[in-house]
Amino acid sequence: MRDMLASLHPDCPDWQRLGPTPADAALRASAAAVVADAEDRESQWSKGFTRRRLLAGGLGVGVAATQLVTTRVSWADPGAAPGGTLIVVFLRGGMDGLSVLVPADDPELLKARPSIAVRAASLLNLQRGFGMHPALAPLLPLMTTGWLAAVPAVSTPDLTRSHFQAQDCLERGGAARSSVQSGWLDRVLQELGPGTTFRGLGLGTRMSRSLLGSSNPIMLSSLKDFTVKGIDGVAPQTLAALKTLYTGIDHPLGVQGLDALQASARAQGYAKQQEKPAKERGYPDGEFGASLATLAQLIKAKAGVRVATVDLGGWDMHTDLGTVDGGDMTNSLKTVATALAAFAAELGPDLDNTTVVTMSEFGRRVEQNANSGTDHGHGGVALVLGGGVKGGVHGKWEGLAPGVLDQGDVPGTNDYRDVLSEVVMRRLGLSEAQAGKVFPGWKPTPLGIMA
């Protein structure tokens with residue numbers, strides 16, 4: 001994990017008896033040396049910055065302390081103003097869009113899926129002959145107020161049934177053969193410019209490919225664990241020593257280093273503002289609900305979150321997809337809907353400035369397989385909810401007639417970059433030129449998702 005808040009020591013149950021380690025002593029000694037040399041360092045740096053003066057300034061002292069700073073050099077200046085927030089929920093495994101956003105009026109659906117198709121009578125009516133799976137009922141308040149939009153037949157530009165290739169294409173923000181290597185959200189952060197410590201977040205245990213690049217986002221599992229760890233009774237001294245190492249250094253690394261160290265204190269402060277655990281706040285058990293609960297805390301605390309990612313796997317349903325009365329699809333959608341509904345409710349007025357996009361690497365084949373499941377397909381579905389969203393069904397939809405299908409799949413008539421470009425421009429305030437840098441070589445077609 002690229003987190004600057006790495007543990008300074010391995011876990012050891014005997015530490016409380018052993019007391020400070022040599023590393024602690026060396027760190028505090030280094031800090032004392034920096035204090036003693038402060039005037040000399042100021043003199044060395046007063047005539048301008050050079051690499052030699054950087055080393056002479058003491059930044060090479062203490063490997064652990066140096067790593068805390070050098071891995072976070074892109075952090076923004078403290079106190080930058082927060083703005084709107086974009087949250088990308090990646091439903092990994094290839095979610096079956098035809099079970100989520102159901103073309104209830106299409107007679108081809110029941111022909112292709114006699115045992116697993118969601119019947120029209122069970123659906124939550126939306127628009128254009130579509131309805132949503134009844135397991136998404138917790139999101140009904142957002143649907144009725146026009147704060148939930150859906151786009152069918154969303155896809156990457158290349159037909160691939162490989163999880164890895166499709167996810168990589170989506171998260172890089174280009175076509176499969178594009179030379180772009182950084183993640184699209186990393187490029188969003190570059191265009192947004194400086195922000196606060198928590199401006200770019202990956203929630204959970206896996207950093208999203210979409211965030212990888214030079215922006216160095218934070219990987220966060222929980223606020224209470226986001227801290228510099230040390231021995232009981234010694235951790236405060238360790239933290240104080242690290243702060244001392246970077247106090248008074250006339251170089252951007254010194255400022256950012258102090259900001260990095262202060263981040264743990266901020267996180268602990270945010271954690272203390274919420275006494276109830278996630279489950280008591282309406283979130284489902286598990287990492288997904290906990291991640292959204294953490295995001296809600298940070299957004300409400302005005303921590304300056306601009307982009308964040310949350311993952312939920314388990315959507316590769318080749319067997320026993322189930323029906324509306326139970327099964328893998330129903331259970332997974334209930335988890336998503338319950339967590340997002342709790343998130344929206346907890347944000348309250350802050351939802352006005354927050355937009356959530358759900359996406360998956362591809363949809364599934366139209367025809368059910370012999371195991372009452374669905375195999376890898378092409379066009380899927382994207383959901384967009386929150387502030388500034390124009391509710392309903394958007395984008396092109398050509399139906400499920402055999403002549404329309406692409407090798408038995410829902411065709412990719414709506415490019416995922418059209419969805420994401422519109423959201424980043426309207427929610428985050430990027431210009432069309434900036435969006436062109438996020439999705440190089442792509443001129444977006446407006447879908448009318450955002451009001």
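**Entry 1: the model.** I am working from a predicted model.

**Entry 2: strand β6.** I looked up residues 200-203, which form strand β6. Are its faces covered or open? Both are covered. Gly200 and Gly202 lie on one side, Leu201 and Leu203 on the other, and all four are buried. I recalled that side chains in a regular strand alternate between the two faces of the sheet.

**Entry 3: partners of β6.** Next I asked which strands pair with β6. One is β8, residues 307-312, which runs parallel to β6 over four bridges. There I found glycine 200 opposite valine 307. Another is β7, residues 218-220, also parallel, with three bridges. Here leucine 203 faces leucine 220.

**Entry 4: the largest cavity.** The largest has a volume of about 120 Å³. It is lined by 17 residues, and the closest to its centre are Val154, Leu170, Met359, Ser360 and Tyr416. β5 (148-155), β9 (354-359), β10 (380-386) and α15 (416-428) each give two or more residues to this lining. I noted ten nonpolar lining residues, six polar and one charged.

**Entry 5: the second largest cavity.** This one holds about 80 Å³ of space. Of its 14 lining residues, Gly97, Leu98, Gly379, Gly380 and Val410 are the closest to its centre. At least two lining residues come from each of α6 (97-100), β5 and β10. By type, I noted eight nonpolar, three polar and three charged.

Technical notes: Residues numbered from 1 in each chain as written. Predicted model: local features only at pLDDT ≥ 70, side-chain atom pairs only at ≥ 80, totals over all residues. Heavy atoms only, no water. Buried < 20%, exposed > 50% of the residue type's maximum accessible area, 1.4 Å probe, protein only. Pairing = 2+ DSSP bridges. 1 Å grid on protein atoms, 1.4 Å probe; cavity = no way out; pocket = protein on both sides within 12 Å on 5 of 7 lines; lining within 4 Å. Points joined across faces, edges and corners; volume = space filled by probe spheres on them. Nonpolar A, V, L, I, M, F, W, Y, C, P; charged D, E, K, R; others polar.
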